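Have a look at the sequence and the model, then read on.

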Amino acid sequence: MTDRLEDRDTRAQGKRILSALTFNVPAAFLKTMACLLLAAALTLGGQSLGWFAGLEAAGVWMLFILFFTAGLWIVEAMPAFVVAILIIALEILILGKPGGVLAGLEDRDAWLAFVSPWSSSIMWLFLGGFVLAAAAVKTQLDLLCARKVVGLCGDQPWRLLAGVMLITFVFSMFMSNTATAAMMVAVMAPVTRKLPPGDKFALGLLLSVPIAANLGGIGTIIGTPPNAIAVGALSEDLRPSFFAWMKLGVPVALIMGVIGYFYLLKFYPSGRRKIDISQLGQMEGTEADPTPPPPPAWQQVFVMAVFLFAVASWMTESFHGTPPAVVSFFAIALLAVSGILQAEDMRRLPWDVLLMLAGGLALGVGITETGVGAWLPGLLPENLSPLILTFVIAYLALLMSNVMSNTATAAMLLPVAIALTSGIEGFSEMSLAFPVAIACSSAMCLPISTPPNAIAYASGLIRTKDYLRAGLLLGALAPLVAWGVSLWQP
């Protein structure tokens with residue numbers, strides 16, 4: 001029989017027993033439980049202290065759902081789209097089920113109010129944008145346009161920088177800014193590789209891609225999810241048309257883009273040399289990811305025709321009266337019936353973003369239906385300026401969007417912010433929704449702030465401080481520029 005020292009050490013035996021009984025608890029579970037407990041504490045504590053006076057039981061439960069899911073979004077306990085689905089599930093379970101605190105005992109269809117955003121016009125409009133972008137990528141129409149436009153800019157650095165930002169900006173108005181940034185970084189790779197290591201202009205050229213991609217999305221409702229959430233959260237009679245949003249969004253994006261352009265010229269100079277663009281856009285495939293063969297020419301022509309039809313129809317709604325969602329539906333049908341988009345292409349669409357939109361819109365429905373929207377304005381001081389409130393919420397959105405999903409930030413803040421200001425006489429909901437949505441899309445201080453930032457950062461040339469300087473400048477100006485432009489709205 002052995003008599004080892006560790007066998008006689010009761011402390012060592014105790015450690016072995018405890019280690020055998022220890023369970024590896026996932027961090028996501030711990031975060032979720034912490035958010036749940038905090039939301040319950042805020043709800044129960046607020047109710048006992050009389051914070052929710054005048055609010056019915058349905059409204060108190062809605063606040064619990066808001067506290068819980070907002071916490072999940074902030075700490076990223078689970079993917080953002082999962083939180084959006086959870087919002088709808090909790091609203092159905094607590095508020096909309098037969099006999100629930102919101103639904104009457106006989107109202108078996110009350111839950112439909114929380115899933116109706118999935119089929120709303122905003123969702124169809126955004127889906128149409130996704131499908132058009134997928135068709136452009138599949139037929140390499142986006143790459144063809146990028147090569148042509150940037151190639152026409154010539155070898156002068158200031159013109160090349162302008163061309164890169166312009167094509168990125170325009171594409172991001174109608175396509176995913178993530179896909180646009182990935183394409184433009186790849187198009188410019190042969191040029192930046194030829195520049196000397198540590199070259200400032202190469203760094204500025206790469207930095208221009210995420211700046212233009214982030215700002216370009218501001219221009220249209222389909223450019224970025226916060227825009228769609230803002231429009232969906234507005235009252236039906238206050239929702240701007242596709243063109244009405246462009247009249248506000250495009251000037252803001254252009255002003256911010258020009259500021260970003262001159263900032264890059266100032267801090268990332270190129271000197272007087274010319275840039276070799278002979279290999280511009282020569283995509284090199286690998287064994288794992290070979291370069292796809294060029295598609296038939298008719299497909300590119302067809303996609304371009306459908307794209308122009310959709311955009312022109314969206315912008316001229318006031319003349320023909322066809323809703324943008326209907327135009328999106330026909331664009332989707334044309335691309336599907338033509339055979340350009342196959343089943344696998346539809347499966348690859350970013351459905352998680354659409355689920356995020358649905359969750360954000362459902363949050364707004366819950367806030368309205370439970371009376372929280374009518375109750376919130378009573379919390380504001382009587383002499384509080386709506387303008388000050390707008391800037392406070394906008395800069396809060398900017399701060400949050402730098403460290404978490406801008407879609408989640410918009411879904412969390414916009415319904416509450418619009419509810420806060422809906423009772424203020426003489427103050428339009430759009431006057432708040434527009435600057436807040438712009439602020440969400442202007443967050444670019446960190447590599448993780450937006451997917452375009454992360455894509456450009458992966459090149460290894462851009463440093464965090466480069467993002468921070470540009471992000472602080474553009475982020476600080478964005479709500480001010482958005483507010484100034486919104487004064488033009490009739």
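Which residues in α21 meet residues in α22? This is a predicted model, in which local features need pLDDT of at least 70 and side-chain atom pairs count only at pLDDT 80 or more, while totals for chains, interfaces and linings use all residues. Residues are numbered from 1 along each chain as its sequence is written, and side-chain values use heavy atoms, leaving out hydrogens and water.

**The α21 and α22 pair**
- On the α21 side, Asn 406, Thr 409, Ala 410, Leu 414, Ala 417, Ile 418 and Thr 421 meet Glu 429, Leu 432, Ala 433, Val 436, Cys 440 and Ser 441 of α22; contact means heavy atoms within 4.5 Å.
- The residues of this contact divide into 8 nonpolar, 4 polar and 1 charged (nonpolar: Ala, Val, Leu, Ile, Met, Phe, Trp, Tyr, Cys and Pro; charged: Asp, Glu, Lys and Arg; polar: the others, Gly among them).
- Helix α21 (residues 406–421) and helix α22 (residues 429–441) have axes that come within 10 Å and cross at roughly 160°, so the two are roughly antiparallel (an angle over 145 degrees).

**A serine in α11**
- Ser 208 belongs to helix α11 (residues 200–216).
- With a relative accessible area of 0%, Ser 208 is buried (under 20%, with a 1.4 Å probe and protein chains only).
- Leaving aside residues up to four places away in sequence, Ser 208 touches Leu 161, Val 164, Met 165 and Leu 264.

**Confidence**
- The protein averages a pLDDT of 82 (the predictor's confidence in each residue, from 0 to 100), and 85% of the residues score at least 70.
- Confidence is lowest in helix α1 (residues 5–8), at a mean of 47, and highest in helix α13 (residues 242–267), at 93.
- Where pLDDT is low, the predicted coordinates should not be read in detail.

Technical notes. Axes are lines fitted to C-alpha atoms, for helices over the stretch in contact, and angles run from 0 to 180 degrees between N-to-C directions. Helices (H or I, at least four residues) and strands (E, at least two) are DSSP runs, numbered from the N terminus. Angles under 35 degrees count as roughly parallel, over 145 as roughly antiparallel, 65 to 115 as roughly perpendicular and the rest as oblique. Buried means under 20% relative accessible area, exposed over 50%, partly exposed in between (1.4 Å probe, protein chains only).
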